Amino acid sequence: MCGIVGLLVKNPALKSRLGELMVPMLIGMTERGPDSAGLAVFTDPLAEGERKISLYSGLTEEGEDFNWLGLAHELKQHLGVEARIAPQGNHAILTVGIAPEPVKRWIKEHHPKLHILSTGRAIDLYKDIGTPTEVSNRYDFKHLTGTHLVGHTRMATESAVTPDRAHPFTAGEDFCLVHNGSLSNPYGVRRMLEPRGIKFETDNDTEAACRFLEWRLREGDDLETALQKGFEELDGFYTFLMGTPDKLALIRDPFACKPAVVAETDDYVAIASEFRSLAHLPDIKNAKVFEPAPEEMYVWTA
Amino acid sequence: MDGLNFDLTEIPLRTVNDFLHKEAPGQGVKKVTIANPDGAHNIAVGLDFAVEVEVIGHAGYYAGGMNKAASITVTGSAGTGVAENMMSGRVHVKGFASNGAGASMHGGLLVIDGDAGLRCGISLKGGDIVVGGSVGSFSAFMAQAGRMVICGDAGDALGDSLYEAVLYVKGKIKSLGADAQIEPMGEADLKTVKDLLAAAGMNHDPKDFKRVASARSLYHWNADANQEY
């Protein structure tokens with residue numbers, strides 16, 4: 001079991017309240033996922049040549065005492081890169097004005113235990129072990145701002161409880177996916193992708209779905225085409241919620257084994273595994289509440 | 001004591017259910033309203049006396065489950081397994097119902113004004129289900145007894161491995177499950193549909209419904225079937 005939540009604000013005035021509205025959604029899914037939690041928030045994009053990289057130091061020896069300012073200094077010294085760093089305990093967002101690959105390569109080489117959570121112009125990603133309340137407080141989720149976000153509470157079934165196996169998963173840039181369910185062919189998908197040069201970081205089944213869909217997008221499929229190929233290739237139980245810089249997308253397997261409910265008003269679209277996580281939202285009594293059908297694509301644009 | 005109101009933002013659901021199980025039957029409680037259900041699971045489960053319960057809002061999983069004698073109304077939607085294993089009485093969902101509505105029901109009447117999700121009436125053992133909208137795939141899977149009236153469409157594999165339950169569908173059937181077949185409507189069928197629609201407060205012409213029942217070809221093992229059903 002796991003919980004998924006998503007929120008996209010249509011009314012720009014709510015962008016500053018994105019985190020505040022979402023935290024009770026995430027905490028509402030604690031019973032479905034008490035062991036880890038995470039979210040990806042999409043903000044206004046950086047300039048064309050800039051990238052932000054979300055980093056996690058919880059697996060390093062220093063943990064939350066990691067020397068983030070030192071990291072920025074090292075990048076300047078060794079790569080000549082001007083990097084801005086916004087640290088928050090064991091998490092930091094590194095912003096650079098160049099293509100991110102050399103920076104990530106350097107980090108992996110010199111700080112192999114520093115986990116790269118996400119890369120992009122719009123995405124910030126946070127995930128860690130702990131209850132949704134603990135993780136929300138750890139990263140001050142209630143003050144997050146942006147247009148939309150994708151969140152997850154985890155009750156591990158397919159791989160161990162570790163921060164890197166928590167959701168959301170990302171691949172490429174500005175793409176993330178959360179999953180409630182369990183895939184039955186993740187190793188088949190993996191064996192198909194690995195010879196194409198796609199590298200995996202964990203043994204988690206969701207990572208296979210995430211890398212598969214991102215691969216399709218990178219090969220030129222639009223989101224709808226990629227999701228259609230997902231229906232054809234991914235076997236098992238799933239409700240997937242995905243985020244791109246301007247979209248939220250939801251699909252459920254043909255058996256609809258894992259739940260989802262959507263509430264939509266003129267101001268927002270909110271998605272959760274159960275209505276419990278939507279009950280506090282503004283004007284929810286007048287929202288259009290519906291259950292998304294199996295094997296259908298639901299895509300909302302920010 | 002005739003009527004009682006509970007607000008779930010002020011009182012824990014467990015206390016309300018406890019009251020409905022233990023004290024209410026002896027106190028002559030006739031009507032209970034439950035406000036702000038906010039998707040809580042197990043609202044008004046296991047009731048065992050004739051009481052009217054109105055849940056104002058959206059219910060979570062298993063609302064009205066195992067009901068006996070009570071009449072439970074949910075004004076919003078209901079989550080997975082509404083009225084599952086109901087023995088008697090009535091459960092009425094005014095919005096939509098999620099998966100497994102009326103699963104394993106033994107008796108009583110389940111009315112869903114909106115759509116029902118997948119596996120509605122799975123393993124039905126008795127009682128009646130009337131759905132104003134459509135039902136999802138695998139509905140009435142292995143249904144053994146009882147009746148279902150579906151005013152909208154049915155998804156894939158309707159009535160797969162049916163036993164003696166009978167289904168009536170007004171709209172399109174995406175596909176029938178193994179051993180389910182469409183049969184002619186007899187006079188008794190027309191009366192059944194008319195009575196059930198009346199009980200559910202729905203207005204349709206019984207002549208517009210198709211009867212789906214078991215061909216009974218799976219009742220006995222057929223060694224020559226070569227696993228092709």
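Predicted model: local features only at pLDDT ≥ 70, side-chain atom pairs only at ≥ 80, totals over all residues.
Chain A comes in two domains: domain 1 covers 2-45 + 125-301, and domain 2 covers 47-121. Taken over C-alpha atoms, the centres of domain 1 of chain A and domain 2 of chain A are 24 Å apart.

Now the contact between those domains. Domain 1 of chain A puts in 15 residues and domain 2 of chain A puts in 13 residues. On the domain 1 side, which element gives the most residues to the contact with domain 2 of chain A? That is strand β7 of chain A, residues 123-129, with 4 residues. Sorted by class, the domain 1 side of this contact holds 8 nonpolar, 1 polar and 6 charged residues.

Next, a pair of helices in chain A. Two packed helices are described by the angle between their axes and by the distance between those axes. Here the pair is helix α2 of chain A, residues 68-79, and helix α3 of chain A, residues 101-110. Their axes come within 11 Å and cross at roughly 110 degrees. Angles of 65 to 115 degrees count as roughly perpendicular, so α2(A) is roughly perpendicular to α3(A). As for hand, the crossing of α2(A) and α3(A) is right-handed.

Which residues meet where these helices touch? From α2(A) there are A:Leu75, A:His78 and A:Leu79, and from α3(A) there are A:Pro102, A:Val103 and A:Trp106. By class, the contact of α2(A) with α3(A) has 5 nonpolar residues, 1 polar residue and no charged residues.

On to the contact between chains. Here 11 residues of chain A are in contact with 14 residues of chain B. The chain A side of that contact consists of 8 nonpolar and 3 charged residues, with no polar ones.

Last, chain B taken by itself. How many helices and strands does chain B have? The count is 2 helices and 11 strands. Along the sequence, the order in chain B is β-α-β-β-β-β-β-β-β-β-β-α-β. Along the principal axes, the C-alpha atoms of chain B fill a box of roughly 60 × 35 × 30 Å.

Terms used: Residues numbered from 1 in each chain as written. Chains lettered and ligands numbered in written order. Domains from an automatic or database assignment. Contact = placed C-beta atoms within 7 Å. Nonpolar A, V, L, I, M, F, W, Y, C, P; charged D, E, K, R; others polar. Axes fitted to C-alpha atoms, helices over the stretch in contact; angles between N-to-C directions. Parallel < 35°, antiparallel > 145°, perpendicular 65-115°, else oblique. Left-handed = near helix turned anticlockwise from the far one by under 90°.
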